[in-house]
Amino acid sequence: KTGWCVDRRVFEVTQRCFSDGVTVGSLKAVFDRSLVEKPMPQHLIELPTDHQLRREWRKTQSELYEEHQKAQRKSIRSREALSLAARYVNYPRFYLSWSCDYRGRAYTQQPFLQPQSTEVEKALIKFADGCRLDESGLRWVERAIGASFIGTKGSFSERESWCQQNLDLIKAVAAAPLETINQWEGASEPWHFLQLCFEYNAVVIERSKVLWEVGLQVDATSSGLQILSGSLLDPIGCLYSNVTSTHQDLPQDAYMQVVKQAHQLARDNPCWAQYVPFLNDRSLGKASLLIALYGGAHGTRTKRVIKSLMSSGLYPEPLGWNDANTIACIIQEASKLTFPQAFKALEWLKRLGRLALKNGCDEFKWLTPTGDTIALRELERDKMVIRTKHLGQLTVATGYSSRLSPKEMLNALAPSYVHSLDATILKAALGDWRHPVACIHDCVAVLPSDMDRMMERLRRAFVFTVSDNPLFRLADDLGVTAEQLPRLPLGTAELSTISPFLFN
(Lines give C-alpha, C1' and ligand atoms only; values in the text may rest on other atoms or scores of the structure.)
Protein backbone atom coordinates (compact mmCIF):
# COMPACT_ATOMS: atom_id res chain seq x y z
CA LYS A 1 0.00 0.00 0.00
CA THR A 2 3.04 2.30 0.00
CA GLY A 3 3.00 4.58 -3.04
CA TRP A 4 6.19 5.65 -4.83
CA CYS A 5 7.17 8.23 -7.43
CA VAL A 6 10.34 9.19 -9.32
CA ASP A 7 12.34 12.03 -7.78
CA ARG A 8 12.57 14.30 -10.81
CA ARG A 9 15.42 16.38 -9.36
CA VAL A 10 17.73 13.38 -8.90
CA PHE A 11 16.62 11.91 -12.23
CA GLU A 12 17.71 15.00 -14.17
CA VAL A 13 21.15 14.95 -12.53
CA THR A 14 21.68 11.24 -13.22
CA GLN A 15 20.69 11.71 -16.85
CA ARG A 16 23.25 14.48 -17.33
CA CYS A 17 25.99 12.51 -15.57
CA PHE A 18 25.35 9.39 -17.61
CA SER A 19 25.19 11.22 -20.94
CA ASP A 20 28.43 13.07 -20.11
CA GLY A 21 30.19 9.83 -19.09
CA VAL A 22 30.53 10.87 -15.43
CA THR A 23 30.64 7.98 -12.96
CA VAL A 24 29.48 8.81 -9.42
CA GLY A 25 29.03 6.13 -6.76
CA SER A 26 26.83 3.32 -8.04
CA LEU A 27 25.99 5.23 -11.24
CA LYS A 28 28.44 3.52 -13.60
CA ALA A 29 28.69 5.56 -16.78
CA VAL A 30 32.06 4.17 -17.95
CA PHE A 31 34.40 1.41 -16.86
CA ASP A 32 38.13 0.88 -17.23
CA ARG A 33 39.37 -2.05 -19.34
CA SER A 34 43.10 -1.38 -18.96
CA LEU A 35 43.70 -3.82 -16.08
CA VAL A 36 42.01 -6.81 -17.75
CA GLU A 37 43.75 -6.17 -21.07
CA LYS A 38 47.18 -6.09 -19.46
CA PRO A 39 49.37 -8.84 -21.03
CA MET A 40 51.35 -11.34 -19.00
CA PRO A 41 54.79 -9.90 -18.14
CA GLN A 42 57.69 -11.33 -20.15
CA HIS A 43 59.46 -12.76 -17.08
CA LEU A 44 56.35 -14.88 -16.35
CA ILE A 45 55.98 -16.00 -19.97
CA GLU A 46 59.47 -17.49 -19.76
CA LEU A 47 58.51 -19.62 -16.73
CA PRO A 48 57.00 -23.14 -17.03
CA THR A 49 53.22 -23.06 -17.47
CA ASP A 50 52.64 -24.74 -14.10
CA HIS A 51 54.95 -22.40 -12.18
CA GLN A 52 53.46 -20.96 -8.96
CA LEU A 53 54.01 -17.33 -10.02
CA ARG A 54 52.20 -17.90 -13.32
CA ARG A 55 49.29 -19.53 -11.53
CA GLU A 56 49.04 -16.62 -9.08
CA TRP A 57 49.11 -14.10 -11.95
CA ARG A 58 46.25 -15.95 -13.67
CA LYS A 59 44.21 -15.99 -10.46
CA THR A 60 44.81 -12.26 -10.03
CA GLN A 61 43.73 -11.55 -13.62
CA SER A 62 40.70 -13.78 -13.15
CA GLU A 63 39.54 -11.71 -10.17
CA LEU A 64 40.17 -8.47 -12.08
CA TYR A 65 38.20 -9.76 -15.04
CA GLU A 66 35.32 -10.76 -12.76
CA GLU A 67 35.25 -7.29 -11.19
CA HIS A 68 35.39 -5.74 -14.66
CA GLN A 69 32.40 -7.83 -15.73
CA LYS A 70 30.50 -6.66 -12.65
CA ALA A 71 31.30 -3.03 -13.50
CA GLN A 72 30.08 -3.61 -17.03
CA ARG A 73 26.82 -5.14 -15.77
CA LYS A 74 26.36 -2.19 -13.38
CA SER A 75 26.79 0.22 -16.27
CA ILE A 76 24.12 -1.63 -18.25
CA ARG A 77 21.91 -1.66 -15.14
CA SER A 78 22.31 2.11 -14.71
CA ARG A 79 21.22 2.64 -18.31
CA GLU A 80 18.17 0.39 -17.89
CA ALA A 81 17.16 2.04 -14.60
CA LEU A 82 17.35 5.51 -16.13
CA SER A 83 15.32 4.34 -19.11
CA LEU A 84 12.58 3.06 -16.81
CA ALA A 85 12.68 6.23 -14.69
CA ALA A 86 12.12 8.26 -17.86
CA ARG A 87 8.90 6.31 -18.47
CA TYR A 88 7.59 6.86 -14.93
CA VAL A 89 8.87 10.35 -14.14
CA ASN A 90 5.48 11.97 -14.88
CA TYR A 91 3.40 9.44 -12.94
CA PRO A 92 2.18 10.87 -9.59
CA ARG A 93 2.50 7.42 -7.99
CA PHE A 94 3.18 3.77 -8.68
CA TYR A 95 3.20 0.69 -6.47
CA LEU A 96 5.60 -2.20 -5.93
CA SER A 97 4.59 -5.81 -5.49
CA TRP A 98 6.37 -7.89 -2.86
CA SER A 99 6.89 -11.56 -2.08
CA CYS A 100 8.51 -13.53 0.73
CA ASP A 101 11.06 -16.29 0.29
CA TYR A 102 10.89 -19.48 2.37
CA ARG A 103 12.74 -17.76 5.24
CA GLY A 104 10.20 -14.94 5.45
CA ARG A 105 12.40 -12.24 3.93
CA ALA A 106 10.45 -9.74 1.83
CA TYR A 107 11.63 -8.91 -1.69
CA THR A 108 10.26 -6.57 -4.34
CA GLN A 109 9.23 -8.30 -7.55
CA GLN A 110 10.42 -5.43 -9.76
CA PRO A 111 14.05 -5.51 -10.97
CA PHE A 112 14.53 -1.73 -11.17
CA LEU A 113 13.44 1.45 -9.35
CA GLN A 114 12.94 -0.26 -6.05
CA PRO A 115 14.39 0.28 -2.55
CA GLN A 116 16.43 -2.95 -2.49
CA SER A 117 18.58 -1.92 -5.45
CA THR A 118 21.74 0.17 -5.89
CA GLU A 119 22.19 3.46 -4.06
CA VAL A 120 21.51 5.58 -7.14
CA GLU A 121 18.29 3.68 -7.89
CA LYS A 122 17.12 4.12 -4.30
CA ALA A 123 17.75 7.86 -4.68
CA LEU A 124 15.76 7.95 -7.93
CA ILE A 125 12.53 7.22 -6.05
CA LYS A 126 10.75 8.62 -3.00
CA PHE A 127 7.47 8.07 -1.17
CA ALA A 128 4.43 9.45 -2.99
CA ASP A 129 3.00 10.54 0.38
CA GLY A 130 4.89 12.79 2.75
CA CYS A 131 4.80 14.17 6.28
CA ARG A 132 5.15 17.50 8.04
CA LEU A 133 8.45 17.72 9.86
CA ASP A 134 8.06 17.97 13.61
CA GLU A 135 11.00 18.53 15.97
CA SER A 136 11.83 14.82 16.15
CA GLY A 137 11.55 14.39 12.38
CA LEU A 138 13.89 17.34 11.78
CA ARG A 139 16.50 15.76 14.07
CA TRP A 140 16.33 12.51 12.11
CA VAL A 141 16.63 14.40 8.82
CA GLU A 142 19.75 16.22 10.01
CA ARG A 143 21.23 12.93 11.27
CA ALA A 144 20.51 11.33 7.88
CA ILE A 145 22.19 14.18 5.97
CA GLY A 146 25.28 13.97 8.18
CA ALA A 147 25.39 10.16 7.91
CA SER A 148 25.04 10.23 4.13
CA PHE A 149 28.15 12.41 3.91
CA ILE A 150 30.44 11.30 6.77
CA GLY A 151 29.05 7.80 7.41
CA THR A 152 27.35 6.22 10.41
CA LYS A 153 30.36 5.62 12.69
CA GLY A 154 29.92 8.96 14.48
CA SER A 155 27.37 9.86 17.15
CA PHE A 156 23.90 11.22 16.41
CA SER A 157 24.99 14.65 17.68
CA GLU A 158 28.02 14.64 15.36
CA ARG A 159 25.79 13.93 12.37
CA GLU A 160 23.35 16.67 13.35
CA SER A 161 26.23 19.12 13.89
CA TRP A 162 27.70 18.31 10.48
CA CYS A 163 24.39 19.19 8.85
CA GLN A 164 23.97 22.44 10.78
CA GLN A 165 27.55 23.50 10.07
CA ASN A 166 27.30 22.80 6.33
CA LEU A 167 24.09 24.58 5.39
CA ASP A 168 25.93 26.60 2.73
CA LEU A 169 27.13 23.38 1.08
CA ILE A 170 23.62 21.89 1.20
CA LYS A 171 22.14 25.00 -0.42
CA ALA A 172 24.89 25.12 -3.05
CA VAL A 173 24.45 21.46 -3.97
CA ALA A 174 20.66 21.83 -4.20
CA ALA A 175 20.98 24.96 -6.35
CA ALA A 176 23.69 23.68 -8.74
CA PRO A 177 24.33 19.93 -8.33
CA LEU A 178 26.40 19.53 -11.51
CA GLU A 179 28.62 22.53 -10.78
CA THR A 180 29.29 21.26 -7.24
CA ILE A 181 29.72 17.58 -8.13
CA ASN A 182 33.34 17.53 -6.93
CA GLN A 183 32.08 18.55 -3.47
CA TRP A 184 29.49 15.78 -3.03
CA GLU A 185 30.69 12.84 -5.17
CA GLY A 186 33.04 11.74 -2.37
CA ALA A 187 30.23 11.48 0.20
CA SER A 188 29.61 8.16 1.93
CA GLU A 189 26.34 7.85 -0.03
CA PRO A 190 26.58 10.53 -2.74
CA TRP A 191 23.19 10.05 -4.38
CA HIS A 192 21.28 9.81 -1.13
CA PHE A 193 23.14 12.93 0.04
CA LEU A 194 22.12 14.76 -3.14
CA GLN A 195 18.48 13.71 -2.72
CA LEU A 196 18.46 14.83 0.93
CA CYS A 197 20.03 18.18 -0.04
CA PHE A 198 17.24 18.80 -2.54
CA GLU A 199 14.53 17.91 -0.02
CA TYR A 200 16.08 19.75 2.96
CA ASN A 201 16.61 22.90 0.91
CA ALA A 202 13.00 22.85 -0.34
CA VAL A 203 11.24 21.91 2.92
CA VAL A 204 13.44 23.41 5.66
CA ILE A 205 15.51 26.24 4.17
CA GLU A 206 13.39 27.76 1.37
CA ARG A 207 10.05 26.33 2.60
CA SER A 208 8.84 26.07 -0.98
CA LYS A 209 7.56 22.57 -0.23
CA VAL A 210 5.28 21.61 2.68
CA LEU A 211 5.64 17.82 2.97
CA TRP A 212 8.83 15.77 3.32
CA GLU A 213 8.69 12.73 1.00
CA VAL A 214 12.18 11.15 1.08
CA GLY A 215 12.39 8.01 3.21
CA LEU A 216 15.14 7.64 5.82
CA GLN A 217 16.77 4.23 6.23
CA VAL A 218 18.07 2.51 9.37
CA ASP A 219 20.15 -0.64 9.10
CA ALA A 220 20.89 -3.41 11.61
CA THR A 221 24.57 -2.77 12.35
CA SER A 222 25.54 -6.46 12.14
CA SER A 223 22.39 -8.53 11.94
CA GLY A 224 23.95 -12.02 12.11
CA LEU A 225 26.21 -11.13 15.03
CA GLN A 226 23.35 -9.36 16.81
CA ILE A 227 21.01 -12.34 16.54
CA LEU A 228 23.56 -14.98 17.57
CA SER A 229 24.94 -12.83 20.42
CA GLY A 230 21.49 -11.84 21.66
CA SER A 231 20.27 -15.43 21.55
CA LEU A 232 23.25 -16.55 23.68
CA LEU A 233 23.29 -13.41 25.87
CA ASP A 234 26.97 -13.08 24.96
CA PRO A 235 28.16 -9.84 26.61
CA ILE A 236 31.07 -9.28 24.17
CA GLY A 237 29.04 -9.91 21.02
CA CYS A 238 26.08 -7.88 22.34
CA LEU A 239 28.36 -4.97 23.19
CA TYR A 240 30.17 -4.68 19.87
CA SER A 241 27.10 -5.36 17.72
CA ASN A 242 25.15 -2.57 19.48
CA VAL A 243 22.61 -4.83 21.17
CA THR A 244 23.31 -3.68 24.73
CA SER A 245 23.81 -0.06 25.63
CA THR A 246 27.12 1.33 26.91
CA HIS A 247 25.54 4.67 27.85
CA GLN A 248 27.76 6.29 25.24
CA ASP A 249 26.74 8.48 22.34
CA LEU A 250 28.90 6.50 19.89
CA PRO A 251 28.01 3.24 18.08
CA GLN A 252 30.31 0.29 18.59
CA ASP A 253 31.97 -1.15 15.46
CA ALA A 254 32.27 -4.95 15.36
CA TYR A 255 34.08 -4.91 12.01
CA MET A 256 36.73 -2.49 13.25
CA GLN A 257 37.29 -4.64 16.33
CA VAL A 258 38.08 -7.56 14.01
CA VAL A 259 40.54 -5.44 12.00
CA LYS A 260 42.30 -4.33 15.18
CA GLN A 261 42.61 -7.97 16.28
CA ALA A 262 43.92 -8.93 12.81
CA HIS A 263 46.47 -6.11 13.00
CA GLN A 264 47.72 -7.45 16.34
CA LEU A 265 47.83 -11.04 15.04
CA ALA A 266 49.97 -9.98 12.08
CA ARG A 267 52.33 -8.04 14.37
CA ASP A 268 52.80 -11.11 16.58
CA ASN A 269 53.33 -13.58 13.73
CA PRO A 270 56.55 -13.16 11.67
CA CYS A 271 54.93 -14.96 8.71
CA TRP A 272 52.21 -12.29 8.56
CA ALA A 273 54.25 -9.22 9.55
CA GLN A 274 54.42 -7.98 5.94
CA TYR A 275 50.64 -7.44 5.95
CA VAL A 276 50.53 -5.17 9.02
CA PRO A 277 50.47 -1.92 6.94
CA PHE A 278 47.43 -3.18 4.99
CA LEU A 279 45.27 -4.25 7.96
CA ASN A 280 43.59 -0.94 8.76
CA ASP A 281 40.45 -0.72 6.63
CA ARG A 282 37.09 -1.47 8.29
CA SER A 283 35.79 -3.02 5.07
CA LEU A 284 38.26 -5.90 5.50
CA GLY A 285 36.60 -6.86 8.78
CA LYS A 286 33.18 -6.65 7.21
CA ALA A 287 34.30 -8.69 4.21
CA SER A 288 35.21 -11.63 6.42
CA LEU A 289 32.95 -11.43 9.49
CA LEU A 290 29.75 -10.77 7.57
CA ILE A 291 30.30 -13.74 5.26
CA ALA A 292 31.49 -16.08 8.04
CA LEU A 293 28.44 -15.41 10.21
CA TYR A 294 26.22 -16.62 7.39
CA GLY A 295 28.25 -19.78 6.82
CA GLY A 296 30.13 -18.44 3.80
CA ALA A 297 33.09 -20.39 2.41
CA HIS A 298 36.71 -19.26 2.49
CA GLY A 299 36.69 -18.60 -1.26
CA THR A 300 33.78 -16.18 -0.86
CA ARG A 301 35.58 -14.36 1.95
CA THR A 302 38.71 -14.06 -0.21
CA LYS A 303 36.67 -12.51 -3.03
CA ARG A 304 35.26 -9.93 -0.61
CA VAL A 305 38.76 -9.14 0.66
CA ILE A 306 39.93 -8.67 -2.94
CA LYS A 307 37.06 -6.25 -3.56
CA SER A 308 38.03 -4.29 -0.45
CA LEU A 309 41.70 -4.16 -1.51
CA MET A 310 40.75 -3.04 -5.03
CA SER A 311 38.68 -0.15 -3.65
CA SER A 312 41.77 0.92 -1.66
CA GLY A 313 44.01 0.70 -4.75
CA LEU A 314 46.06 -2.19 -3.32
CA TYR A 315 45.08 -4.92 -5.81
CA PRO A 316 46.53 -6.22 -8.15
CA GLU A 317 49.59 -4.28 -7.02
CA PRO A 318 51.28 -4.26 -4.56
CA LEU A 319 49.11 -7.20 -3.37
CA GLY A 320 48.14 -10.19 -5.52
CA TRP A 321 45.78 -13.12 -5.16
CA ASN A 322 48.01 -15.05 -2.78
CA ASP A 323 48.28 -12.01 -0.49
CA ALA A 324 44.50 -11.54 -0.48
CA ASN A 325 44.02 -15.20 0.37
CA THR A 326 46.41 -14.89 3.32
CA ILE A 327 44.72 -11.70 4.55
CA ALA A 328 41.37 -13.51 4.44
CA CYS A 329 42.87 -16.23 6.67
CA ILE A 330 44.24 -13.64 9.13
CA ILE A 331 40.91 -11.85 9.41
CA GLN A 332 39.00 -15.11 9.80
CA GLU A 333 41.25 -16.05 12.71
CA ALA A 334 40.80 -12.55 14.17
CA SER A 335 37.01 -12.87 13.86
CA LYS A 336 37.02 -16.10 15.86
CA LEU A 337 39.21 -14.57 18.58
CA THR A 338 37.09 -11.42 18.80
CA PHE A 339 33.68 -13.13 18.87
CA PRO A 340 34.28 -16.72 20.05
CA GLN A 341 30.69 -17.35 21.20
CA ALA A 342 29.20 -16.48 17.80
CA PHE A 343 31.56 -18.92 16.07
CA LYS A 344 30.79 -21.58 18.66
CA ALA A 345 27.13 -21.09 17.77
CA LEU A 346 27.91 -21.60 14.07
CA GLU A 347 29.77 -24.83 14.82
CA TRP A 348 26.92 -25.93 17.10
CA LEU A 349 24.43 -25.34 14.28
CA LYS A 350 26.50 -27.56 11.95
CA ARG A 351 26.51 -30.36 14.54
CA LEU A 352 22.78 -29.87 15.05
CA GLY A 353 22.16 -30.28 11.31
CA ARG A 354 24.27 -33.43 11.10
CA LEU A 355 22.43 -35.02 14.04
CA ALA A 356 19.04 -34.07 12.62
CA LEU A 357 19.94 -35.76 9.32
CA LYS A 358 21.27 -38.77 11.21
CA ASN A 359 17.93 -38.98 13.04
CA GLY A 360 16.19 -39.29 9.68
CA CYS A 361 15.16 -35.69 8.87
CA ASP A 362 14.36 -35.19 5.19
CA GLU A 363 13.94 -31.45 5.77
CA PHE A 364 14.85 -28.90 8.43
CA LYS A 365 11.63 -27.42 9.79
CA TRP A 366 11.30 -24.88 12.60
CA LEU A 367 8.81 -22.39 14.01
CA THR A 368 9.73 -18.69 14.30
CA PRO A 369 8.63 -16.56 17.28
CA THR A 370 5.93 -14.98 15.06
CA GLY A 371 4.44 -18.42 14.35
CA ASP A 372 5.76 -18.98 10.82
CA THR A 373 6.89 -22.47 9.82
CA ILE A 374 10.18 -22.47 7.91
CA ALA A 375 10.94 -25.62 5.90
CA LEU A 376 14.42 -25.99 4.41
CA ARG A 377 15.00 -28.64 1.78
CA GLU A 378 17.86 -28.81 -0.73
CA LEU A 379 17.98 -31.17 -3.71
CA GLU A 380 20.92 -32.39 -5.73
CA ARG A 381 21.39 -30.85 -9.15
CA ASP A 382 21.46 -32.90 -12.31
CA LYS A 383 24.56 -32.17 -14.36
CA MET A 384 25.78 -32.62 -17.90
CA VAL A 385 29.44 -32.94 -18.92
CA ILE A 386 30.34 -31.15 -22.16
CA ARG A 387 33.74 -31.68 -23.80
CA THR A 388 34.91 -28.77 -25.93
CA LYS A 389 37.85 -28.35 -28.24
CA HIS A 390 39.27 -25.15 -26.72
CA LEU A 391 37.81 -24.90 -23.20
CA GLY A 392 38.28 -28.50 -22.16
CA GLN A 393 35.64 -30.29 -20.09
CA LEU A 394 32.72 -28.24 -18.74
CA THR A 395 30.11 -29.36 -16.22
CA VAL A 396 26.74 -27.63 -16.61
CA ALA A 397 23.80 -27.86 -14.18
CA THR A 398 20.62 -28.84 -16.01
CA GLY A 399 18.10 -28.71 -13.14
CA TYR A 400 17.19 -30.25 -9.81
CA SER A 401 16.72 -33.94 -9.17
CA SER A 402 14.40 -35.57 -6.61
CA ARG A 403 17.38 -36.62 -4.44
CA LEU A 404 18.10 -34.79 -1.18
CA SER A 405 21.46 -33.02 -0.86
CA PRO A 406 22.54 -33.33 2.80
CA LYS A 407 25.66 -31.26 2.11
CA GLU A 408 23.66 -28.34 0.72
CA MET A 409 21.14 -28.59 3.57
CA LEU A 410 23.95 -28.37 6.13
CA ASN A 411 25.51 -25.39 4.35
CA ALA A 412 22.17 -23.59 4.22
CA LEU A 413 21.03 -24.22 7.81
CA ALA A 414 22.92 -21.43 9.63
CA PRO A 415 22.28 -18.60 7.14
CA SER A 416 18.66 -19.67 6.63
CA TYR A 417 18.02 -19.77 10.36
CA VAL A 418 19.61 -16.34 10.98
CA HIS A 419 17.72 -14.83 8.03
CA SER A 420 14.45 -16.27 9.32
CA LEU A 421 15.04 -14.44 12.60
CA ASP A 422 15.92 -11.09 11.01
CA ALA A 423 12.72 -11.49 8.96
CA THR A 424 10.90 -12.20 12.23
CA ILE A 425 12.19 -8.93 13.70
CA LEU A 426 10.76 -6.93 10.79
CA LYS A 427 7.47 -8.85 10.82
CA ALA A 428 7.04 -8.30 14.57
CA ALA A 429 7.82 -4.58 14.15
CA LEU A 430 5.69 -3.97 11.06
CA GLY A 431 2.70 -6.25 11.60
CA ASP A 432 0.15 -3.45 12.13
CA TRP A 433 2.13 -0.57 10.57
CA ARG A 434 -0.05 1.80 8.51
CA HIS A 435 2.44 4.36 7.19
CA PRO A 436 4.80 4.47 4.16
CA VAL A 437 7.53 1.89 4.64
CA ALA A 438 10.10 -0.17 2.74
CA CYS A 439 11.90 -3.31 3.95
CA ILE A 440 15.44 -3.88 2.75
CA HIS A 441 16.57 -7.28 4.09
CA ASP A 442 17.54 -6.29 7.66
CA CYS A 443 16.85 -2.57 7.12
CA VAL A 444 13.76 -0.35 7.21
CA ALA A 445 12.98 2.98 5.50
CA VAL A 446 10.22 5.28 6.79
CA LEU A 447 9.33 8.97 6.85
CA PRO A 448 11.25 11.05 9.42
CA SER A 449 8.17 11.79 11.55
CA ASP A 450 7.71 8.01 11.99
CA MET A 451 11.33 7.20 12.88
CA ASP A 452 11.13 7.41 16.68
CA ARG A 453 8.15 5.08 16.70
CA MET A 454 9.83 2.67 14.28
CA MET A 455 13.08 2.52 16.28
CA GLU A 456 11.15 1.65 19.45
CA ARG A 457 9.26 -1.07 17.58
CA LEU A 458 12.50 -2.53 16.23
CA ARG A 459 14.05 -2.68 19.69
CA ARG A 460 11.00 -4.41 21.14
CA ALA A 461 10.84 -6.81 18.18
CA PHE A 462 14.49 -7.75 18.60
CA VAL A 463 14.08 -8.60 22.29
CA PHE A 464 10.92 -10.57 21.46
CA THR A 465 12.79 -12.54 18.76
CA VAL A 466 15.94 -13.51 20.67
CA SER A 467 14.37 -14.14 24.08
CA ASP A 468 13.55 -17.59 25.49
CA ASN A 469 16.51 -19.45 23.97
CA PRO A 470 15.68 -19.55 20.23
CA LEU A 471 18.66 -21.83 19.49
CA PHE A 472 17.32 -24.36 22.00
CA ARG A 473 13.87 -24.18 20.40
CA LEU A 474 15.48 -24.85 17.02
CA ALA A 475 17.10 -28.04 18.36
CA ASP A 476 13.75 -29.16 19.76
CA ASP A 477 12.02 -28.43 16.44
CA LEU A 478 14.62 -30.51 14.57
CA GLY A 479 14.15 -33.42 16.98
CA VAL A 480 17.66 -33.37 18.48
CA THR A 481 17.67 -33.97 22.24
CA ALA A 482 19.91 -32.36 24.83
CA GLU A 483 21.49 -35.79 25.41
CA GLN A 484 22.50 -35.95 21.74
CA LEU A 485 23.69 -32.33 21.62
CA PRO A 486 24.23 -30.37 24.85
CA ARG A 487 22.74 -26.88 24.66
CA LEU A 488 25.11 -23.92 24.56
CA PRO A 489 25.52 -22.08 27.89
CA LEU A 490 23.97 -18.63 28.15
CA GLY A 491 26.01 -15.56 29.02
CA THR A 492 25.36 -12.63 31.31
CA ALA A 493 24.21 -9.91 28.88
CA GLU A 494 21.13 -7.96 29.98
CA LEU A 495 18.55 -7.10 27.31
CA SER A 496 16.71 -4.68 29.58
CA THR A 497 18.47 -1.68 28.00
CA ILE A 498 18.91 -1.91 24.23
CA SER A 499 21.42 0.33 22.46
CA PRO A 500 19.99 3.24 20.42
CA PHE A 501 22.31 2.02 17.64
CA LEU A 502 20.77 -1.47 17.35
CA PHE A 503 19.52 -0.12 14.01
CA ASN A 504 21.80 2.68 12.82
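Is Asp382 buried, exposed or partly exposed? Asp382 is partly exposed, with a relative accessible area of 29%; buried means under 20% relative accessible area, exposed over 50%, and partly exposed in between, with a 1.4 Å probe and protein chains only. The model is predicted: local features need pLDDT of at least 70, side-chain atom pairs count only at pLDDT 80 or more, and totals for chains, interfaces and linings use all residues. Residues are numbered from 1 along each chain as its sequence is written, and side-chain values use heavy atoms, with hydrogens and water left out.

**Salt bridges**

Side chains of opposite charge can pair when their charged atoms come close. A salt bridge here is a side-chain nitrogen of Lys or Arg within 4 Å of a carboxyl oxygen of Asp or Glu. The structure has 23 salt bridges by this rule. Three of them are listed below.

| Pair | Closest N to O |
|---|---|
| Lys126 and Glu213 | 3.0 Å |
| Asp382 and Arg403 | 3.5 Å |

Lys126 lies in strand 5 (residues 125-127) and Glu213 in the loop between helix 9 (190-205) and strand 6 (216-219), 87 residues apart. Helices (H or I, at least four residues) and strands (E, at least two) are DSSP runs, numbered from the N terminus. Lys126 is buried, at 9% relative accessible area, and Glu213 is buried at 15%.

Asp382 is in strand 9 (residues 379-387) and Arg403 in strand 10 (residues 393-404), so this pair ties together parts that are 21 residues apart in sequence. Arg403 is partly exposed, with a relative accessible area of 41%.

In the pair of Arg487 and Asp476, Arg487 belongs to the segment after helix 19 and Asp476 to helix 19, 11 residues apart. Asp476 counts as exposed at 53% relative accessibility. Salt bridges with shared partners also join Asp7, Arg9, Lys126, Glu199, Lys209 and Glu213 into one network.

**Aromatic pairs**

Rings of Phe, Tyr and Trp (its six-membered ring) pair if their centres lie within 6.5 Å; planes under 30 degrees apart count as stacked, over 60 as edge-to-face and the rest as tilted. The structure holds 11 such pairs. Phe156 and Phe501 form a tilted pair, 4.6 Å centre to centre with 40 degrees between the planes. Phe156 lies in helix 6 (residues 156-165) and Phe501 in the segment after helix 19 (470-477), so the pair ties together parts that are 345 residues apart in sequence. Phe156 is buried at 11% relative accessibility, and Phe501 is buried at 1%.

Tyr240 and Phe339 make an edge-to-face pair, 6.4 Å centre to centre and 70 degrees between the planes. Tyr240 sits in helix 11 (residues 235-240), and Phe339 in the loop between helix 15 (321-338) and helix 16 (340-358), 99 residues apart. Phe339 is buried, with a relative accessible area of 0%.

**Backbone**

Most residues other than glycine have a negative phi, and most peptide bonds are trans. A cis peptide bond joins Tyr315 and Pro316, with omega about 15 degrees. Another cis bond joins Glu317 and Pro318, with omega about 10 degrees. Pro316 lies in the loop between helix 14 (298-311) and helix 15, and Pro318 is found in the loop between helix 14 and helix 15.

Leu113, not a glycine, has a positive phi of about 50 degrees. Leu113 is located in the loop between strand 4 (106-108) and helix 4 (119-123), and counts as buried at 2% relative accessibility.
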